[in-house]
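I opened a notebook page for this chain and looked up its fold, its sheets and its cores. The entries are in the order in which I made them.

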Amino acid sequence: MSEKTNAARLLDIAGIDYKLSSYNTDDGAIDGKSVAKKLGLSEDEIFKTLVATGASSSVYVFVIPVSGELDLKKAAKASGEKYIEMLPLKDLSNVTGYVKGGCSPLGMKKHFPTFFDETLILLDSVVFNAGRVGYQLHVPVTELAKVLDYKLADLVTG
């Protein structure tokens, strides 16, 4: 990768040791489950970043395992909103600075309240998008709070 992403820069500034993985995007398969397969990872250790809005029009970031689906009622409860709905894809770039398949919880245009699924505590390292399609960051869970203010919550359906 010739140019660092905002997410990688933030990790560098914080002095956090991380791993950067890349995968081939030529086949167009950039969904979380496909990425997990390409990187040889479990769908429980690679997380996807979802951006949503609440009844108050506030923006929220939910980071969940690619094996799961975001439960909007649980997301609303975690964020203290009456309801939560997904941010329209057409607004993603303007709001976050990222595109679909390249959205990272780190390095967005602005910090939004961020929630990781509680299964994060079961992992030594979490893998999520590096801020560019085709790249993933592997970050020690114990180091994550040094660069990102987040809360843990039960966010996945089931």
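**Ground rules.** The model is predicted, so I note that local features need pLDDT of at least 70 and side-chain atom pairs count only at pLDDT 80 or more, while totals for chains, interfaces and linings use all residues. Residues are numbered from 1 along each chain as its sequence is written, and side-chain values use heavy atoms, with hydrogens and water left out.

**Overall.** I looked up the secondary structure and found five helices and eight strands in the protein chain. Helices (H or I, at least four residues) and strands (E, at least two) are DSSP runs, numbered from the N terminus. Their order from the N terminus is α-β-α-β-β-α-β-α-β-β-β-α-β. The radius of gyration is 15 Å, close to the 15 Å of the globule rule for 158 residues, so the chain is as compact as a globular protein of that length. That radius is taken over C-alpha atoms, and the rule is 2.2 Å times the number of residues to the power 0.38. Along the principal axes, the C-alpha atoms fill a box of roughly 40 × 35 × 30 Å.

I then checked burial: 47% of the 158 residues are buried. Buried means under 20% relative accessible area, exposed over 50%, and partly exposed in between (1.4 Å probe, protein chains only). For contacts (heavy atoms within 4.5 Å), I took pairs at least 6 apart in sequence, and 61% of these join residues at least 24 apart.

**Five-stranded sheet.** I traced an open sheet with the order S4-S2-S3-S5-S8 and mixed pairing. Two strands pair if DSSP finds at least two bridges between them. Strand S4 (84-86) and strand S8 (150-153) are the edge strands, each pairing on one side only. From one strand to the next the twist averages 35°. Helix H3 (residues 72-79) packs on this sheet and touches S3, S4, strand S5 (114-117) and S8; the direction of H3 makes about 120° with that of S4. Axes are lines fitted to C-alpha atoms, for helices over the stretch in contact, and angles run from 0 to 180 degrees between N-to-C directions.

Seven of its eight residues are buried, so S2 is largely enclosed by the rest of the structure. S2 runs antiparallel to S3, with seven bridges joining them, and Thr 49 stands opposite Val 63 in S3. S2 and S3 form a hairpin with four residues between them, and Ser 57 in the turn has a positive phi of about 75°. S2 also pairs with S4, antiparallel and over three bridges; here Thr 53 stands opposite Glu 85.

**Three-stranded sheet.** The order in this open sheet is S1-S7-S6, with antiparallel pairing. Strand S1 (19-22) and S6 stand at the edges with a single partner strand each, so one side of each is left without a neighbour in the sheet. Neighbouring strands are turned by 25° against each other on average, direction ignored. S6 and S7 pair over five bridges in the antiparallel sense, and Ser 125 stands opposite Pro 140 in S7.

**Cores.** Which residues have the most contacts inside the largest nonpolar core? I found Leu 11, Phe 116, Val 126, Leu 137, Val 139 and Leu 144, in a core of 30 residues. A nonpolar core is a set of buried Ala, Val, Leu, Ile, Met, Phe, Trp, Tyr and Cys residues joined through side-chain atoms within 4.5 Å. Helix H1 (6-13), S2 (47-54), S3 (59-65), S6 (125-129), S7 (135-140) and helix H5 (141-144) each give two or more residues to this core. Apart from it lies another core, of 13 residues, including Tyr 60, Ala 75, Ile 84 and Ala 153.

I listed the neighbours of Val 139, not counting residues up to four places away in sequence: Leu 11, Ile 16, Tyr 18, Asp 124, Ser 125, Val 126, Phe 128 and Leu 144.

The buried residues of H1 are Ala 7, Ala 8 and Leu 11. Seen down the axis, they fall within an arc of 95°, so they line one face of the helix; the arc is that of the directions from the helix axis to the C-beta atoms. S7 is included in what covers them.

After H1 comes Gly 15, with a positive phi near 70°. Gly 15 lies in the loop between H1 and S1 and is exposed, with a relative accessible area of 61%. As a last entry, I noted 18 Å between the C-alpha atoms of Gly 15 and Gly 131, which are 116 residues apart along the chain.
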